[in-house]
Amino acid sequence: MRSLFVCLFALSLAVDAGAQSSKLTTVLADLVRASSGSGGGQTALSADALPQSVQDAMRSRRLRIDANDNVQVYILLSSVTDETVKQLTDAGVTIEIRDEARRRVQARLPVSRLNTVAELAVVDAIRLPTYARRRAGNVTSEGDAILHSDAVRQQLGLDGTGVRVGVVSDGLKGVFAAGCTTQCLGVDGGPMATGDLPAASGVRNARGVLTSAAGGIIGRSFQANGDLEGLPPATPACSFQGAGAEGTALLEIVHDIAPGAKLSFANFDTDLAFNQAVNFLAASNDVVVDDIGFFGEPYDGTSSVSRNTAAALNNADFPIRAYFTSGGNDADEHYIGTYASSGVDGTTIAGIANPGRLHLFQRAADTTDVLGLGPQPYNVISLPQNGEVAIFLSWNDPFGASSNNYDLYLVQQSTGRVVASSTDVQNGRQDPVESIDFVNRGAQDTFRIVVQNVRDAAQARDLNLFSFQPECAPSGPQVLAPPRHERHNFNTATRSVSAQSDAGGGVISVGAICSASANAANFFSNRVPDESCLDTSNRTAEFFSSRGPTLDGRQKPDIAAIDGVSITGAGSFGTTFFGTSAAAPHAAGIAALMLQGAPCLLNRSTSTIAAATARGNIRTLLLSHAVRLSTDTPDNVFGAGLANALASVNATLPSWRGASANLAFEANSTFGVALTPQQLGFSDPNSCGLTALTWTGGCGTAPGTTMTCPAGTTAVSVAASNNNFAYGATQDLQITVTDFSVNVAPPLATLAAGATSSHVVTITPVNGPYNSEITLSCASGNLPPQTTCTFDPPTVTPGRTAARSTLTLSTTVRTASATTSAAKPAPSAIGPRAAGSGVALFPGTLAFPTQTIQTTTPPQFVFLTNIGTGALAVGSITVSGDFTSVNNCGSTLAVGANCAIAVSFTPTVAGARTGTLAVVDDAANSPHTASLTGTGQAAPSSTGGTPAGSYTIGVSGTVGTLSHFVGLILNVQ
């Protein structure tokens with residue numbers, strides 16, 4: 001039996017054919033009659049003594065009665081106000097949830113009070129709630145590879161870290177240990193122990209009920225009993241041992257795809273509780289996924305669940321960026337057709353009391369007649385012994401305001417008698433729904449589904465019919481004509497999308513394609529093979545995957561993903577997971593990878609992208625990069641196609657959009673120019689900020705927030721990131737960095753104290769035009785006392801040709817007492833040293849000229865070269881003494897590559913000063929060192945004139961942190 005897509009169904013208002021004024025749905029009316037004694041008094045409930053209709057509803061869990069004989073119901077009111085609710089509570093009703101918009105409350109009340117409450121004038125009807133019906137580390141889903149999410153993790157390094165994913169499903173069965181209270185860790189050998197779920201802890205109450213979870217899985221229950229595991233009651237017994245564990249399976253798949261994502265989980269029991277669960281997760285997660293569908297509700301996007309989900313996704317205050325829901329598993333068990341009279345009156349069938357003609361079922365363009373019966377006043381299903389079926393009929397009247405009265409019957413073919421019925425009255429205040437639950441306690445038989453236009457008073461409406469096997473049933477409707485898959489004779493695969501799966505507002509509905517693994521293919525018998533599981537190209541939809549459009553004409557599903565996948569089987573769920581329930585969490589995991597790839601789309605303090613834009617971008621990126629599977633994409637079978645995680649995530653990453661791959665920049669720092677991703681021509685498809693670059697071929701060591709290229713021309717291959725983990729496509733670029741040189745003529749002047757000298761300073765562009773403004777100055781630490789240095793003009797812009805400025809040095813005449821000569825250091829050329837070869841650190845010594853204390857020399861350079869056979873890991877680069885340094889070496893240095901260390905000298909006291917440059921790396925004989933020397937001199941007197949002596953004056957041109965120096969020798973006599 002295939003795993004079932006989680007569905008919910010709404011039970012219609014029903015009354016007995018002989019008491020159509022009753023406000024109780026049919027099964028509740030049967031319950032009230034059975035629980036009353038012959039004298040009209042209330043008797044204790046005994047399940048075995050109840051009518052078959054009541055037993056069948058309890059067996060399917062559509063009718064829930066607790067140990068105190070309280071039944072859970074929906075009460076439809078004229079309006080939901082404090083006054084009408086007070087009338088209910090005064091009558092013994094316990095209110096659980098109020099739904100003002102749909103004029104109903106979810107409540108519990110004693111069975112003995114049902115008639116009393118129904119008699120209240122403010123009560124329009126009492127019906128059963130909408131309940132969940134399931135359809136569906138060491139173990140990795142086959143969808144991981146088919147959808148290429150494994151490649152996202154391997155190639156791009158993304159795993160969903162920093163993204164929060166919430167799951168709505170039945171329960172967390174099979175995850176947490178029992179026999180504990182506040183610190184319930186994982187089950188021995190369970191999915192947490194095997195790494196198939198993250199580590200978490202649970203809390204159980206005194207009755208052993210799991211009520212919450214924290215840590216790697218945050219869990220909260222919205223069921224009335226607070227059971228986070230979603231366990232079915234002990235009686236009647238559930239035939240599906242995995243009930244309550246489908247949520248565990250969904251979480252495992254999300255964790256397979258995005259193992260770094262933070263997980264949350266919520267479960268529920270009714271559709272009103274489902275809305276609470278959705279809102280809870282949407283308010284605290286970035287991605288939410290459910291495997292839920294609703295029957296007996298509108299299938300045009302207007303149901304309360306569909307509207308609420310769309311509203312939650314588009315709530316500007318919620319962080320949610322993507323919502324996924326299962327597309328449905330009902331293509332093989334659905335019918336839709338406009339009422340047509342068959343001419344056969346219902347009273348011709350034993351068990352139908354009211355007159356009125358029966359609907360004519362017949363083949364149509366999208367409806368099959370699999371047994372070749374021709375037009376008939378019935379549809380056909382087949383049930384084995386103990387097989388169970390739930391049947392839902394609805395039509396296109398407004399909910400809560402239907403005035404067209406149709407009834408639903410199930411007739412046993414072998415006897416010709418009605419075995420189950422739903423005969424609710426629609427007189428203007430009810431829902432357009434009829435429903436039946438039936439268990440075949442006899443031998444296998446064929447059963448006829450009959451729809452009656454009561455008293456022929458109803459206008460022709462589109463009759464929408466679903467029938468399926470409830471979750472806990474041992475079996476259900478059988479395939480009618482193997483190897484075909486239909487379980488209705490008159491079956492309509494199109495428009496088989498139920499409520500919630502039809503949600504609009506950007507909610508993404510997911511269809512299913514089989515993994516075609518050996519396990520999946522062998523799951524089905526040769527008698528009725530699954531064609532999708534035999535197609536290893538993954539281009540065939542599952543036969544049961546619901547087809548669109550919705551009843552209001554919108555295309556569904558939106559996209560397809562993979563089912564028939566491996567899970568751990570925790571909670572006795574089984575190890576091969578089929579259904580759109582399995583497909584949807586794959587898509588949710590992919591969205592988590594996409595959001596890590598484009599973090600600005602998340603609702604974080606640094607985000608600058610509007611919520612609506614972010615949600616639209618994620619949806620578009622996912623759908624537009626799906627693998628097209630039909631010529632008419634998107635369609636109502638696959639939607640946009642098969643999800644492709646790698647293509648979608650790559651589309652979130654920055655790409656190069658530059659006009660030319662040959663780029664020119666001007667040096668503005670000691671090591672050239674630091675280039676941003678934007679300067680190189682990279683842009684982000686979602687307008688996310690670009691945070692990092694990685695490159696090969698030169699320009700220092702990658703990665704970095706910028707790439708610093710030296711003067712000259714360098715060929716590099718560059719990629720950009722918006723998340724510091726993954727990088728987009730690589731672009732080959734040729735980077736030319738222009739520079740300038742400084743020259744002084746004449747380079748030497750001899751003059752008496754009090755005289756002046758003039759020099760021409762020439763700034764020449766190097767490697768190309770240099771259009772930045774260059775500021776000219778003299779190094780104050782080298783100027784003789786009482787000497788001034790001026791430039792005319794003080795700044796120049798060379799452009800394509802050399803620019804010139806006049807430098808004037810003015811000395812001061814000495815007084816008679818000022819006869820001491822200044823120190824006469826040997827002239828020293830100031831400028832970068834050339835890189836050596838064949839050594840790891842060159843030069844081994846730097847000698848700085850005499851420098852006035854507390855002033856800084858121009859930098860001199862030491863070059864570190866990797867002459868080994870593998871990458872050099874650089875641990876640290878430090879200097880001691882009165883020396884400072886900066887470098888562009890990074891943490892690694894490729895074979896044959898070199899980097900520069902700029903060292904400056906700032907003496908703190910007069911006299912000889914020494915220091916050491918030390919490079920700690922992983923090469924032999926580390927640390928590698930270079931000796932540093934210099935001489936500090938006291939600041940000369942500011943009076944008495946310019947002392948006689950020989951001075952080396954540093955003349956510089958500066959742009960940003962880039963300075964080029966030339967030495968000018970001044971001899972003062």
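Which residue of E25 stands opposite Gly337? In this predicted model, whose residues are numbered from 1 along each chain as its sequence is written, local features need pLDDT of at least 70, side-chain atom pairs count only at pLDDT 80 or more, and totals for chains, interfaces and linings use all residues. Side-chain values use heavy atoms, with hydrogens and water left out.

The residue opposite Gly337 is Leu463 in E25. Helices (H or I, at least four residues) and strands (E, at least two) are DSSP runs, numbered from the N terminus, and two strands pair if DSSP finds at least two bridges between them. E15 and strand E25 (residues 462-468) run antiparallel and are joined by five bridges. They belong to an open, antiparallel sheet of four strands, ordered E15-E25-E20-E23. Strand E15 (334-338) and strand E23 (433-439) form its edges, each pairing on one side only. From one strand to the next, the twist averages 15°; axes are lines fitted to C-alpha atoms, for helices over the stretch in contact, and angles run from 0 to 180 degrees between N-to-C directions. Helix H2 (residues 52-59) packs on this sheet, touching strand E20 (388-395) and E23, and makes about 90° with the direction of E23; contact means heavy atoms within 4.5 Å.

A second open sheet, with mixed pairing, has nine strands in the order E8-E9-E10-E11-E7-E12-E14-E27-E28. Because strand E8 (200-204) and strand E28 (559-563) at the edges have a single partner strand each, one side of each is left without a neighbour in the sheet. Here the twist averages 25° from one strand to the next. Within this sheet, strand E10 (residues 217-221) runs parallel to strand E11 (residues 262-267), with five bridges joining them, and Ile218 stands opposite Ser264 in E11. Helix H7 (residues 246-257) lies across strand E7 (164-168), E10 and E11, at about 160° to E11.
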